[in-house]
Amino acid sequence: MNPKLKLSAAALVALALALVPQAAQAGQDPPTPSEAKSAVTSAQGALAAYAPSLRTAQDDAYHLQANTPGANGLQFLTYSRTYKGLPVYGGEVVVTTDASGQSVSDVTTGQQAVINVGTTAKVSAATAAATSQARIKKVDSVSAPSLVVHAASKTPRLAYATTVTGPSNNRTVYVDALTGAVIDEVELVKAAEGRSHYVGTVTIDTQATSMVDPNRRGIQCGGQNGSAFTGSSPWGNGGATDLPTACVDVLYGVQKEWDMLREWVGRNGINGSGGGFPARVGLAQANAFWNGSYTNFGHNGASARKNLVSMDVVGHEYGHAIFQTTPGGAGSGNEAGGLNESTGDIFGAVTEHYANNPNDPPDYLVGEEPALGGGPIRNMYNPSALGHPNCYTPGSFPEVHAGAGPQNHWFYLMAEGTNPQGKPASTRCDNGPAIVGIGVRKAAQVFMNTLNRKTSPWTHTKVRVAALQSAKELWPGSCAEFNVVKAAFDGIRLGAQSGEPTCTAPTDDFSLALDPAAGQTDPGDSVTTTVRTTVTSGNAQQITLRVGTLPSGVTAQFNPATITAGQTSTLTLSTSAGSPVGGHAVQVTADGTAVDKNANYNLTIGQVQDDFSFAVSPASGSTQPGGSAQTTINTTVTSGSAQQVALSASGQPSGVTVTFSPATVTAGQSSQVTVATTSGVAAGSYPITLTGTGTSGSKTATYTLTVGSTGTEWAPYTSYTIGQVVTYQGASYRCRQSHTSLPGWEPPNVLALWQPL
């Protein structure tokens, strides 16, 4: 495995035409080492296939930097980029694959243009260091400037990168290596302290002097002018009306939502491509909204004007951004609008469950903390408690906020069920049987995969079909989750739809193998083997092990005698002094609760001479002089243990060679035999003796080689005149030009001299 990929422009174009990305199918377990290696291989191919959209230059190279596992086995591979050997700032690429690594679902980069810059600086490194040092008032240390390509803006430039550290600052300064001007500055403080109003003192990711998230592209928070607040950690004072405090709550909420999307549902950022959107606080309205470009948060409408930035409200507004950046966009009309509002509610609730913050415990109420209007604005387990419909009614779609009710109710039934422990009960609209939920994390995975199938116009009936497809895809070996998702739809009276999938639980089955499958012991001694079982479909079942009829004086013992499919047991066969010498077949039976399996163990008691059989297939072949023929030698252990067998040939005429691949086999294996001839071998049949020599003796087999004629040959130096007609290999030719023939001048080969008739 080579984590570096550097391809020519022609190779990039060829791969781009050949490679088509596929939709990711989420598995259940983290990737194995082999799957991770496979992911690297597929990701490298994707880098080539996506070369145009990644703005790949001829001199670019990619280097695997990290392979981060995500939800349901998804893998996120981060590649750094170099240009003519120089690091590229802003050129990193993230490739998303499934657990196997074979299916690439997303490839993204922040780089905006193809790099075409020189690599020779006109400004000295010392000058760049001095310029960088002057950017902060008090300096503790300055790193040595290093040449890079700065590609985080629309025009890539050759630059010096210098890290300057001070008592409260840690920033990297990028200085143009041609002009000496400062291009960019990046301040990193990963663990800033924030004093929020709703969740207490928390850790958030900000830059050293601004409320810009350095780790999540596009995320920042500030006032109504769109600029991020500036200052330093600790941010905010915890006050209900303080705007920097509101930004602490916003950043905490969206950062938790971002992390939840990555770890729980496998989405790369708010927009699915590693990016997010800024937030504004201080809106002079009792409202919060997403406008397609940023989120905006006002107050709760009470006289105290408490900031409307609780975790579920933040998660809700960024949930609208998720809805808009999945296929089909935001949509229009009351039905799509209600589904959009419900999407915000769902992501708000899921974010609360992911964060699990004791200051704002997870629940399924919307906006209960800021109490917009005196209490929660929506109730997901019982929407009707706030005047919203619990049940789906075809063709009846109220105002969008009320219209969130049916899908909210479905999500709660799917995640928690009708009577969850420690959470509110929820009633089915169809009076059907109780539902046991699949849990909020699995429910979030179903919902995210459902949104990834969104098409416009987005309707409740499409949601049902897409959600059932998602459940079947997420858990291909089980119908349990699928059936809960289906029951939850039935529970809001959203019934079966044309084209929706069905799920049939696979039959429980397993395989049985013995390792080794044969063994030898002297009378009075014992021999062991391992009984191996593997679940091949369905669920693991309980297995009871037993043996069939045993030779006289032989006993069998399993440790343990009862296992679960997928486990192993040790079988010990003990013999007595009077046990019969020779080979015996012992049948091992695994009695499962759904199916039984058998396997045979070859037990040899006493010393038995090793022996083998030797055969050739096919036993004859033919070729023209100068050609070759092939056959196969097959060996089998007929008694005792397998022995080494050396292969040889004899009796072949001059000009015939016999080679073996391999030349030595272990009895039970095969070898490919090639019989090659030279052009001078005369036509005829030749018996060749093939021999296998082992420790127990030699075995032979005969292979008959037939060498055919090359056909009619023209006598050399024969003179021919114009118009003369000759016959060659059954065809007639007329001489076009008088000449004397030479070898290779036969009519089919020299049509300039001969005219076919």
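Modeller: The structure holds 21 salt bridges, each being a side-chain nitrogen of Lys or Arg within 4 Å of a carboxyl oxygen of Asp or Glu. This is a predicted model, where local features need pLDDT of at least 70 and side-chain atom pairs count only at pLDDT 80 or more, while totals for chains, interfaces and linings use all residues. Residues are numbered from 1 along each chain as its sequence is written, and side-chain values use heavy atoms, with hydrogens and water left out.

Biologist: Thanks! Which residue does R81 form a salt bridge with?

Modeller: D60 is the partner, and the closest N and O atoms are 3.1 Å apart. The two sit 21 residues apart and link distant parts of the chain, with R81 in strand 3 (residues 75-83) and D60 in strand 2 (residues 60-69). Helices (H or I, at least four residues) and strands (E, at least two) are DSSP runs, numbered from the N terminus.

Biologist: Is R81 buried or exposed?

Modeller: R81 is buried, and D60 is buried too. Buried means under 20% relative accessible area, exposed over 50%, and partly exposed in between, using a 1.4 Å probe and protein chains only.

Biologist: Which residues do shared partners join into one network?

Modeller: D205, D213, R216, D259, R262 and E263 are joined by salt bridges that share partners.

Biologist: Switching topic: how many residues of helix 9 are buried?

Modeller: 11 of its 15 residues are buried, so helix 9 is largely enclosed by the rest of the structure. Among the buried ones are H460, R464, L468 and E473.

Biologist: Nice. Which helices do those buried residues pack against?

Modeller: They pack against helix 6 (333-355), helix 7 (405-415), helix 8 (440-451) and helix 10 (480-491), where contact means heavy atoms within 4.5 Å.

Biologist: What span should helix 9 have?

Modeller: Helix 9 (residues 460-474) should span 21 Å, and its end C-alpha atoms are 21 Å apart, which agrees. The expected span is 1.5 Å times one less than the number of residues.
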